Amino acid sequence: MMNTVENSPLPESFINFLNENGLDPSIYNSADNLPRYIRLKPGYEENLKDIEDELGYQLTQVGWLSNFYSLPPHVHIANSKAYQQGKVYGIDAASGAAVSALNITPGDHVLDLCAAPGAKLCMILELLGNSGSVTGVDVARHRLAACRTMVQKYALGDHCRLFVADGTSFSLVPTRVRLASELSDESTLERKLDMFKEWTSKRPWKERKRAAKARKNNLSHLSMQNSDPELIFYGQHSGVIGCTRDDLYQTYSDYELSKCGYDKVIVDAECTHDGSIKHVQKFEQWGWETLQRRVLDAERTDDLTTLQFRLLNNGYRLLKAGGSLVYSTCSLTVAQNEGVVERFLSENSSAELQEVDGSHSWPCKSGRIPKTLRFDPVTSQTSGLFVAKFAKLST
């Protein structure tokens, strides 16, 4: 058992919780020394000196992660021109590692099953460039709206579509861009009337009426499972334009999904966020009783691990045979990480745990299961994060 930290502000119950998970409570003392990370949008490398002059600090390049830089924790970027003009954005290096683990290649169709708040989504879009597509899904509309703001701010939305939906039951496959010859076919004239046109923030009357009815009926997380995903954004080259609603919302069997599903899937699942020092420190203001309810309560943890397993299972179902899936959480507990992975592998014989390419040079530890990774503030100088990568074997 780990020793507790002398004069630690953490409550004894939380320290016991950390000890049970083999975690050193001293990691929560390192917040003042933990760097802040930013990603420089590709194409702005020549602006690096100007950005440093504006911030008043020299950026330190993260050697193991392309286009990532660190700066002192007290330096804020929100008021800088570089941030406001969409040249840089904040994203923890561990989160960048989770995206990097996908090995995204041009032309990939990628599913981000828990997309909010959007930094990983932006990085995926950057890696794809002018190819492929990204489908972002989140159950919280206001959080997904923040993703929409990000992809528009950074001019990354051309190949992106965003759905408000329950990630445990989302079933839509990537759409392919319609050919101009198809759209000009006179036999499709009637279908054209129902086709998605260029996206606009002004929603059609029917869509607004449907949303108002949903609000009136107090649409809940559970009832969302029985409703169509809500499309709140789609780019010019996301494959939506030219589709009818029936095309877009067509569902497929599991066998068909193995042929026409996503090339890459990332499931950064909802968790207790105990790996985030800044998040845990908030409980000093919120009250440690809130931590007891949100992090330590056994019933809530059981509910979370069930949700995490269902998200992972559904993300894998939507993955094309031969594709790759990354599962991550910003929790450092065993139950939400290795426990979920073990259950998933036991119930999916076609899933193979894979080693993450290049991870031997990353500042992280191996998880309790070989090939899984753990980032933590002391070892990695990042927020805490667990990463596991799976391949879907042909069946």
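Analyst: Let's start with Arg 245, which counts as partly exposed because its relative accessibility is 27%. Here, buried means under 20% relative accessible area, exposed means over 50%, and partly exposed is in between, using a 1.4 Å probe and the protein chains only. Keep in mind that this is a predicted model: local features need pLDDT of at least 70 and side-chain atom pairs count only at pLDDT 80 or more, while totals for chains, interfaces and linings use all residues. Residues are numbered from 1 along each chain as its sequence is written, and side-chain values use heavy atoms, with hydrogens and water left out.

Now for the partner. The side chain of Arg 245 meets that of Asp 228 in a salt bridge, at 3.4 Å from N to O. A salt bridge here is a side-chain nitrogen of Lys or Arg within 4 Å of a carboxyl oxygen of Asp or Glu. Arg 245 is in helix α10 (residues 245-248) and Asp 228 is in the loop between α9 (205-216) and β8 (230-234), so this pair ties together parts that are 17 residues apart in sequence. Helices (H or I, at least four residues) and strands (E, at least two) are DSSP runs, numbered from the N terminus. Asp 228 has a relative accessible area of 46%, so Asp 228 is partly exposed as well.

By that rule, the count of salt bridges comes to ten. Two others involve helix α5. In one, Glu 126 pairs with Arg 39, and their closest N and O atoms are 2.4 Å apart. Glu 126 belongs to helix α5 and Arg 39 to strand β1 (residues 36-40), so the pair ties together parts 87 residues apart in sequence. Both Glu 126 and Arg 39 are buried.

In the other, Lys 120 and Asp 268 meet through their side chains, 2.7 Å from N to O. Lys 120 is in helix α5 and Asp 268 in strand β9 (residues 262-268), so this pair links distant parts of the chain, 148 residues apart. Lys 120 is buried because its relative accessible area is 8%, and Asp 268 counts as buried because its relative accessibility is 17%.

What else does helix α5 touch? Two packed helices are described by the angle between their axes and the distance between the axes. Helix α5 (residues 119-128) and helix α6 (residues 141-153) have axes that come within 9 Å and cross at roughly 35°. The axes are lines fitted to C-alpha atoms over the stretch in contact, and angles run from 0 to 180 degrees between N-to-C directions. On the α5 side, Ala 119, Leu 121, Cys 122 and Leu 125 make the contact, and on the α6 side Cys 147, Met 150 and Val 151 do; contact means heavy atoms within 4.5 Å. By class, that contact has seven nonpolar residues, with no polar and no charged ones. Nonpolar covers Ala, Val, Leu, Ile, Met, Phe, Trp, Tyr, Cys and Pro, charged covers Asp, Glu, Lys and Arg, and the others, Gly among them, are polar.

Finally, stepping back, the protein has 17 helices and 14 strands, and buried residues make up 53% of its 395 residues. Among contacts with a separation of 6 or more, 74% are between residues 24 or more positions apart.
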